Amino acid sequence: MVPTNKVEDIGVREISEKAEAEKVFAVLEKPKEPYIHDANWSKRYNLNVDKIKSGDILEVAEVVRELSHRHMERGLSIGEKKMLATAKDILLSEMVLAEEMDHDVLNSKIDEIIKESYTAGIVAEATSSINGDTTNLD
């Protein structure tokens with residue numbers, strides 16, 4: 001328990017409302033980005049840690065989406081698997097309250113949204129390569 005006069009000092013905030021939950025689903029629905037080899041995994045790891053620590057549920061959703069997509073495409077290190085589990089637990093614990101939905105049902109819904117967003121990204125990449133589109137990565 002946290003004394004009410006310390007709530008703001010330590011960064012406790014109210015649970016997200018339904019409108020914020022819809023924004024979370026929009027973040028999760030964003031299609032997979034094209035894979036870019038990232039040799040600096042520690043930078044990516046630290047960026048994700050910062051997003052999780054921010055307390056912003058939308059940033060936590062980004063971590064869940066990006067790590068899930070990466071896991072489907074390339075696999076994750078043990079550290080990133082733990083990070084994905086932590087971020088997903090944070091996301092689920094808040095969304096269960098905001099959506100007033102059973103934990104397992106919500107978990108399945110999130111998994112399905114992430115799979116669909118991954119597939120949408122794959123289709124977009126394939127369409128782009130068929131049409132001869134190239135992306136300048138400079």
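## Charge pairs and nonpolar core

Lysine 23 is partly exposed, with a relative accessibility of 46%; this class lies between buried (under 20% relative accessible area) and exposed (over 50%), for a 1.4 Å probe and protein chains only. The structure is a predicted model, in which local features need pLDDT of at least 70 and side-chain atom pairs count only at pLDDT 80 or more, whereas totals for chains, interfaces and linings use all residues. Residues are numbered from 1 along each chain as its sequence is written, and side-chain values use heavy atoms, without hydrogens and water.

**Salt bridges**

Seven salt bridges are counted, each being a side-chain nitrogen of Lys or Arg within 4 Å of a carboxyl oxygen of Asp or Glu. Three of these pairs are listed below.

| Pair | N to O distance |
|---|---|
| Lysine 23 and glutamate 20 | 3.8 Å |
| Glutamate 73 and lysine 32 | 3.2 Å |
| Arginine 65 and glutamate 66 | 2.7 Å |

Lysine 23 and glutamate 20 lie three residues apart in helix H2 (residues 18-29), so about one helical turn separates them. Helices are DSSP runs (H or I, at least four residues), numbered from the N terminus. Glutamate 20 is partly exposed at 23% relative accessible area.

The salt bridge between glutamate 73 and lysine 32 has its closest N and O atoms 3.2 Å apart. Because glutamate 73 belongs to helix H4 (residues 57-73) and lysine 32 to the loop between H2 and helix H3 (41-53), this pair ties together parts that are 41 residues apart in sequence. Lysine 32 is buried at 5%, while glutamate 73 is partly exposed at 28%.

In the remaining listed pair, arginine 65 is buried, with a relative accessibility of 5%, and glutamate 66 is partly exposed at 30%.

**Negative surface patch**

Glu22, Glu29, Glu112 and Glu116 form a patch of negative charge on the surface. Patch members have over 30% relative accessible area and no salt bridge, with like charges joined within 9 Å. H2 and helix H6 (103-130) each contribute at least two residues to the negative patch; glutamate 116 is located in helix H6.

**Nonpolar core**

The largest nonpolar core comprises 24 residues, and those with the most contacts inside it are Val24, Phe25, Leu28, Val64, Leu91, Met95 and Ile110. Two or more residues of this core come from each of H2, H4, helix H5 (78-99) and H6. H5 provides the largest share, seven residues. Such a core is a set of buried Ala, Val, Leu, Ile, Met, Phe, Trp, Tyr and Cys residues joined through side-chain atoms within 4.5 Å.

Terms used:
Patches are made of residues with over 30% relative accessible area and no salt bridge: like charges are joined within 9 Å, nonpolar side chains (Val, Leu, Ile, Met, Phe, Trp, Tyr) within 5 Å. Accessible areas come from the Shrake-Rupley method with a 1.4 Å probe; for residues, only the protein chains shown count as cover. Lys and Arg count as positive and Asp and Glu as negative; His and the chain ends are not counted. The place of a charge is taken as NZ of Lys, CZ of Arg, CG of Asp or CD of Glu.
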